[in-house]
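Subject: Handover of a two-chain model

Dear colleague,

Please find the structure below for your records. My notes on it follow directly after.

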Amino acid sequence: MKKNTTVPVGTRRKKLPTPGASILNAPYLLWAALFIIIPLFIVVYYAFTDANGNFTTENMSGLADYTSVMLRSLWYSLAATAICLLIAYPFAYVVCKFRPTSQKVANMFVTIPLWINLLIRTYCLTTLMDNNGLINQALAFLGMGRLPLMNNTGAVIFGMVYNYLPYMILPIYNVMSRIDPSLLEAGEDLGCNALQRVRRIVMPLSLPGVISGIIMVFVPSVSTFYISAKMGGTGDYMIGDLIENQIHAQNNNLPTAAALSLVLMVVILVSMFILNRFTDDEEGGSMLV
Amino acid sequence: MEKKNIIELKDVSVSFDGETILDHLNLSIQDGTFVTFLGRSGCGKTTTLRIIAGFLQPDEGDVFFDSKRINEVPPHKRSVNTIFQRYALFPHLNVYENVAFGLRVKKAPKEEIAAKVSETLKLVNLEGYEKRKVTNLSGGQQQRVAIARALVNRPSVLLLDEPLSALDAKLRKDMQVELRRIQRETGITFIFVTHDQEEALSMSDTIVVMNDGKIQQIGTPVDIYNEPKNAFVADFIGESNIIDGIMNKDDTVTFAGHTFVCVDEGFAHDEPVDVVIRPEDVDVVPAGEGMITGLITQATFKGDYYELIVEVKGFKWMVQTTDAYAEGQTIGIVLDPDSIHVMHKSEYSGLYGDYSSFSDEEETAPEAGE
């Protein structure tokens, strides 16, 4: 089958490099080499070397001890991603029906939290949700019992949803708002009720945005470290916390941290690969890979 | 043969933000005919189409489908399909799935869908394109997919919203013939919206000329051309010289300083009227032999004819003739009774039909879509 000849910006279509293009690319290539490619090799190097600088697979095989932490990370981040999607998709759909000015306002409210640093946002959340936090104080004041809002699994997932929700909403909204309204009219004309229009037209056409959103929420969620440490209980330790711990708190265990990072990277790459199977390489669904 | 009315609009009015778009429109459309709404952009023709499709509800008045009132029936429950101006094909589906869309929504059996889709693709000459992406098709092919996608549902009425405006001139002509053929073969009522009078004349059974949210005239192409009701219609359809005249009595009219014999009757005694003379109906004779005389101020060779601008008593006429004439010549003009058409005065009198500021560019200036 012949492919589209007009390729949108940001797709994987390979073009023959021209001399002009390579000059324009040079700054980024230099950047990528210095700060992405070389560090990647350093991580690989550490993951397969022992304290004396000799090759070893012990760092990798030692990770078996952390299987439960890894599975937990995967499970928490999948849950957070799913909840974000369930909240973001209907929200984006409704916002797209607003008048243009109202759409701008709604978008601003979505992005406002991003103006504040994630650590501070999370810290503020803890002061709200603590056993002695504002919410529980209010509940106590009203004569109701205090709720165990903090230091449990629910709190960690809530924290991740809270922090990463905008990253789900924005790509979905972006793609959805660009769906030509006449397509929905065409659907209506061809016999679709409101629900069928969503299922047969809006959903398939907004899939690239959903994929982007899933990637943008899942990737930081699975590697998150501050949220789980701050809001979770003792059993909510995640892979990001583990890596952070290996680096500084304990015995400066870089090889284990590197091995963990490598595994995390593979997990992320595999999930992105799977997700991109769902979209054509058109329309920008693969813009992150 | 009397056919039933499939669509009726009764006293339909629509306004947006206080601006009247449709002004008490009354219209009946016969089943199985090719009807064209003709008018400039903003005349209300697309609004009328959207009311029939159900995308818009009239502020006042009623819409009837097969004698049943359908004001509140949503588009997906109407036996009406639309071909949109920019086709609105589903980019995530291939040609086959685009055409099959309506049948899939209705949960038709697989075999039935396959049979109907291939039959319809054949009708629009797109066999073998089933697996193609619609985004890779040419404008003309996309147009055909849009037609097939609507026709496959066998609607009672097919609405076409300036469907040919995005095509180049050659393709337009082909599609005009094609659409006319499809309409005859299927017997489906076509309601076609256009601002192109030539398109309307060559395709339609009935033309509805619209302006300012009102219907100016309804009739066959021949009627509309030969018997325009007012100066707007006369000017909009083809070229017309519209001259002030006095209807002395039945079959006698005076204009340009001469009293002519005509075939129009039913006017008041000495009623002021608009007289329409089509440029091709003017007989040019040597000066002194005509009923009136004029001075050629402009002569343009057009290939199969000459287009003259002739000054007659301070009024500029357009005249088309096959004989060669040059600027500055004085000529005589003869008008047969048949070539004179008399109209009552209307709000459009005096606005149209004078060629004193005529230029070809003005005539061919492209009109923006609605």
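Among the 108 residues that form the largest nonpolar core, Leu159(B) and Ile191(B) touch the most other members. A nonpolar core here is a set of buried Ala, Val, Leu, Ile, Met, Phe, Trp, Tyr and Cys residues joined through C-beta atoms within 7 Å. A residue is buried if 20 or more other C-beta atoms lie within 10 Å of its own, exposed if 12 or fewer, and partly exposed in between, with C-beta atoms placed from the backbone. Domain 1 (5–224) and domain 2 (227–358) of chain B each contribute at least three residues to this core. A second, separate core has 47 residues, including Ala155(A), Tyr164(A), Val217(A) and Met238(A).

The model is a predicted one: local features need pLDDT of at least 70, side-chain atom pairs count only at pLDDT 80 or more, and totals for chains, interfaces and linings use all residues. Residues are numbered from 1 along each chain as its sequence is written, while chains are lettered from A and ligands numbered from 1 in the order in which they are written.

Neighbours within four places in sequence aside, Ile191(B) is in contact with Ile29(B), Val35(B), Phe37(B), Leu49(B), Ile52(B), Val157(B), Leu159(B) and Leu160(B). Contact requires that the C-beta atoms of two residues, placed from the backbone, lie within 7 Å.

The two domains of chain B have bounds that come from an automatic or database domain assignment. Their centres, taken over C-alpha atoms, are separated by 37 Å. Domain 1 of chain B brings 7 residues to the contact and domain 2 of chain B brings 9.

Between the chains, 18 residues of chain A are in contact with 19 residues of chain B. On the side of chain A that touches chain B, helix H8 (181–189) and helix H9 (194–222) each supply at least two residues. The largest share of that side, 6 residues, comes from H8(A). Helices (H or I, at least four residues) and strands (E, at least two) are DSSP runs, numbered from the N terminus.

In chain B, strand S1 (residues 5–16) and strand S4 (residues 60–65) run antiparallel and are joined by 5 bridges; two strands pair if DSSP finds at least two bridges between them. Ile7(B) has Phe65(B) as its bridge partner in S4(B). S4(B) also pairs with strand S5 (residues 68–69) in the antiparallel sense over 2 bridges, and the partner of Phe64(B) in S5(B) is Arg69(B). Their hairpin has 2 residues between the strands, and Asp66(B) takes a positive phi near 50° there.

Yours sincerely
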